[in-house]
Amino acid sequence: MKEALLYEKIKDGAVRCHLCSHRCRIRDKGFGFCGVRQNIEGILYTHAYGKAAAAHVDPIEKKPFYHFFPGSLSFSIATIGCNFRCEFCQNWNISQASFMDGSSGPAIEEFTPQEIVEAALKNKCRSISYTYTEPTIFFEYAMDTARLAKERGLYNNFVTNGYMTRECIEMAGPWLSAANIDLKFFRESSYKNICSASLKPVLEAIRLMRESGIWVEITTLVVPGENDSEEELEGIARFIAGVDKNIPWHVSRFHPDYKATHNHPTPEATLEKASAIGKKSGLKFVYAGNVYGWGNDTRCSDCGQLLIKREMFSVSEYNMEKGRCPECNAKIPGVF
């Protein structure tokens, strides 16, 4: 175990965690909502440090990032645990595992920050992705890894639910280059009932990250009967456009999983509708995820020139020159 960051001691031996927006009050011997951070005699510890539940080399497009070193490889790392309880989680076998009952569930591998960085370099990765589960809950592990990675010329990104506090975002600012944030719903009730969380902190995190200079992309998993109405999709799209019309929005196809096996897969027509709504709302870059044959190419928002052609997670054509459109010389927003 390692002592956690971003907590304060309060009365009666309890502590208050300020890492994520649950801001858990944790009694002695108790755990936070994430099932990873434990109060032991007034000191908050993380059980996740150095304990990897998943480690893979992925194309960056799989995260998905389309404007952050497209076509590159990213070393992906995760521990168990999450601060959400999403019924449709597609990595539930590791995200919903916990240290609270003394059994970590999935296989755990001891993997130091130094070893992660060396593995990323050995596999010719451009970045390290803290992903699969929620990186906020293994923040200390991610931070130590990211600092070493930056020293070695690697970039760092979070694939996150965005439920982190201002303090957490400010601490990550010096080493976090990009974040793909899940904006799951645009209704408070949906966040509460389906994720055991709240909408407002996610919206605040998106604004703060963008203002902090972190490159932001947003993903919405479109779930039939939950968030696929025109009203909700318009709300999400208009919010993103109000923050920055250059933020890419990924509308992804849902497939039944975990506790949401009663839902049907998202019809592609629904993603087409969502894409049209995004563009009508002023977003310059809207992509469709988990579909084949359309919705994945990047075109210049000024002249329409094809810049990047993708086949699922692979880049098959790359036409940009120093981050600019070769046809009209427009600068394309992102990290290239």
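Predicted model: local features only at pLDDT ≥ 70, side-chain atom pairs only at ≥ 80, totals over all residues.
Residues are numbered from 1 along each chain as its sequence is written, and side-chain values use heavy atoms, with hydrogens and water left out.

Let me begin with the open spaces. A pocket here is an open set of points, on a 1 Å grid over the protein atoms alone, with protein on both sides within 12 Å along at least five of seven lines, a cavity is a set where a 1.4 Å probe fits but cannot get out, and lining residues have an atom within 4 Å of a point. Grid points are joined across faces, edges and corners, and a volume is the space filled by probe spheres set on the points.

The largest pocket has a volume of about 930 Å³, and among the 39 residues that line it, Lys63, Gln90, Asn91, Val159 and Asp182 are the closest to its centre. Several strands, which are DSSP runs of E with at least two residues, just as helices are runs of H or I with at least four, all numbered from the N terminus, contribute here: β12 (155–160), β13 (178–182), β14 (215–222), β15 (249–253) and β16 (286–289) each supply at least two lining residues. By class, that lining divides into 16 nonpolar, 17 polar and six charged residues, where Ala, Val, Leu, Ile, Met, Phe, Trp, Tyr, Cys and Pro count as nonpolar, Asp, Glu, Lys and Arg as charged, and the others, Gly among them, as polar.

A second detail is Leu6, in the loop between β1 (2–3) and β2 (7–9), which has a positive phi of about 60° although it is not a glycine. As background, most residues other than glycine have a negative phi, and most peptide bonds are trans.

The second largest pocket holds about 260 Å³ of space; of its 16 lining residues, Lys279, Val286, Tyr287, Asp297 and Arg299 lie nearest the centre, and α8, β16 and β17 (298–299) each supply at least two.

Where does α8 meet α7? The contact involves Glu230, Leu233, Glu234 and Ala237 of α7 and Lys273, Ala274, Ile277 and Gly278 of α8, with contact meaning heavy atoms within 4.5 Å. The axes of α7 (residues 230–243) and α8 (residues 268–280) come within 9 Å and cross at roughly 40°, which makes α7 oblique to α8. Those axes are lines fitted to C-alpha atoms, for helices over the stretch in contact, and angles run from 0 to 180 degrees between N-to-C directions; under 35 degrees counts as roughly parallel, over 145 as roughly antiparallel, 65 to 115 as roughly perpendicular and the rest as oblique.

The largest cavity has about 90 Å³ of space, and its 13 lining residues include Cys17, Cys20, Cys24, Cys34 and Arg37, the closest to its centre. The second largest cavity, at about 50 Å³, is lined by Glu87, Phe88, Ile194, Val223, Glu226, Lys259, Ala260, His262 and Asn263.
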